[in-house]
Amino acid sequence: FGSRHRACLLCILAISPLPSFFFRWAMDLADRDLGKQLWEVVGGAQKGGILVRAGEATTSQELDGRLSRGAWVQEERLRGQRLLYRLLAGDGPESGWVSLRSNQQDLLVRRAGPVPRAERHMAVAVSKAAVGAPPPPHEHGAGLVLQQQEVLASAFGSLRLPWAAAAAAPVCRAWRSFFGQGVAWAGVELAGDREVPSLSALLRRAGPRLRALDLSRAHGRSFGAMPELAAALRSCPELEDLNVAGWDQLSFAKSPDLPQALARSLGRLNVRGCSALHGQLPSMLGPKLRHLEAGWLSEGDEDRVFKEWTTIFPSRLFRAICNRCPNLAVLRFPGYMLYSGQPESAVQRLLSEYADIGGVGSLRQLLRLDLSCAQLLEDPAVVKIAAGCKRLRTLCLRCCENVTDRGLQAVADGLGGSLAHINVSCCQFSERAVRRLILRCRGLRTLDLCYCKGLGRDLVNYLCADPALCPQLTMIGAGGLDIGDAEVGTVCRKYAGTLEHLGIGSAVVTDAGIRLLADLPHLRRLSAHMLRRVSAAGLTDMCLRAPCLTDVDADGCEYVPEPGPEELEALRKCLQARPYDYDKCDDDSDSEEAAKARRRREREERERAERERRRREGAEKDGQPRNVLLAMGMEMQSLG
């Protein structure tokens, strides 16, 4: 079967009075894709389960919770003794990487299925969300109702909900009952501009069932103020997650009570690039808010509307954030109140507004702070943040040129035990201050020092000389530090097992240094713009040989020797297939939004693998049963 055939079959089974062995077969199809291996967890009895990590490497970040003993999982990818799984039954993270063996003991063993009914993972969630508490065991037909809801949830999981609900609900009573529950209307995410015209009607129909709304994938700049959207949002009083990033003209001015209503329920808010909404931002802040993103959408906004980003912010905004959102865990605010040569009277106001940023130190739950391009941010505010936010894991001070060694030393001393990601690119620090940061923050995973004034290749040599200094770095930004082949070699030797992202812009490396990068097994992103001594053929060869490389920036390179047209065309195709996005973050594991994007990428990867599997099966069709009913019968016979 393909996934569509399987979904249709499951829906038919769900509304048909068939024997129980049909349902056992249907539920097994719903829980796993045909042809994929099942595994059972047999280890971890003494520790409450086995360890799960975010990446294939055994040095990647640990996920919250362990995979419980007795859990059943489906194999998504197998690399040696490392398994990428999807949880089917039991407790633990929905997906992640685990080891098959540890200390000569099996942690997981292969199973043929079916998945145990008592532990079925989806049944619990659906029975609570869609049918309430399960009926008493003696009630006639109770098991059948529960099985129908389970099968429907699995089958409709492949549909685009709730967009498909209006078309599917009239099919039968079972489908209509399922789509009447909140589980089908919990989240709305635009796939593109074509869905915008029907959005308002969909929101009104979802009403209080709606929990999450994501409009960021549409081109919001082309739709204006959208007063009808604001009116529709008034019918969604339980909205917890609102993402309207990029909708720069969206305004709630014609619905003055809407911001206060949203403040009562929102836990996540993203208004980056929404210049018309920033003036209403204080009214949208509430005590439930844990994730707030504002400011510009990308650094390209600076060139497009620089003057606008000097005036759109309301007075005392950071004071309002600190007073009204005491539970904030993520605060991203790039491009706050830019300085563009305003008169002295305006500068004094800007400085007082920037002083309020120090109040962020009162947000004790803060994990991630992005203040990139806060041009007038100064040491006193940074010192207060470092003294108060003891749980901070991610700090971005990119282009904060007024922060000096004093501020960086406060970060090193105050956050050394928690900080995992720091970006101080395009700032100005002494090498002594940065060495102190590296020495105190040994648990760093990303360190971006690109184009820091006052630093050079000696700092890279210092970092790589001692194995105890930041041994788990996955990202190093050394662009503009004038490094050469020797420094690239030291980086590759120390971080061969962990490095995923490297910045070497304006370096003086040759093809010999570039070849070393092709041997890094986990390197995914490379910023190599404005190189001066590499050849086009050498760069192309590196891109083709690197096993995981997906993002490359090679703009402005001076190739030696002068490449021919064929070499340039080959390099152009290579780079076109590996576009580099400077707005992408490296601290994915600490961002809920990035975690959603990562899950989306994993789902797309699984779908590609499934399409490839079906293509191979189609090529091997000779000798296989061509009759679908015959194939169904053979599968049922093998299962019982």
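Helices (H or I, at least four residues) and strands (E, at least two) are DSSP runs, numbered from the N terminus.

A quick word on what we are looking at. This is a predicted model, where local features need pLDDT of at least 70 and side-chain atom pairs count only at pLDDT 80 or more, while totals for chains, interfaces and linings use all residues. Residues are numbered from 1 along each chain as its sequence is written, and side-chain values use heavy atoms, leaving out hydrogens and water.

Back to helix 20. Leu571, Cys574 and Leu575 are buried there; buried means under 20% relative accessible area, exposed over 50%, and partly exposed in between, with a 1.4 Å probe and protein chains only. Looking down the axis of helix 20, the buried residues fall within an arc of 90°, so they line one face. That arc is taken from the directions from the helix axis to the C-beta atoms. On the face turned away from the buried side you will find the exposed residues Pro565, Glu566, Lys573 and Gln576. And what covers the buried residues? Helix 19 (536-545) and strand 21 (551-553) are included in that cover, with contact meaning heavy atoms within 4.5 Å.

Asp551 makes one with Arg525, with the closest N and O atoms 3.8 Å apart. Asp551 lies in strand 21 and Arg525 in strand 20 (residues 525-527), so this pair ties together parts 26 residues apart in sequence. Both partners are buried: Asp551 has a relative accessible area of 5%, and Arg525 has 1%.

How many salt bridges does the structure hold? There are 24. One of them joins Arg86 and Glu76, at 3.7 Å from N to O. Arg86 sits in strand 3 (residues 82-89) and Glu76 in strand 2 (residues 72-79). Arg86 is partly exposed at 23%, whereas Glu76 is buried at 17%.

Asp106 and Arg101 form another, at 2.6 Å. Here Asp106 is partly exposed at 38%, and so is Arg101, at 36%.

Finally, Arg272, Glu293, Arg332 and Asp370 are linked in a salt-bridge network.

Terms used
Salt bridge = Lys/Arg side-chain N within 4 Å of Asp/Glu carboxyl O.
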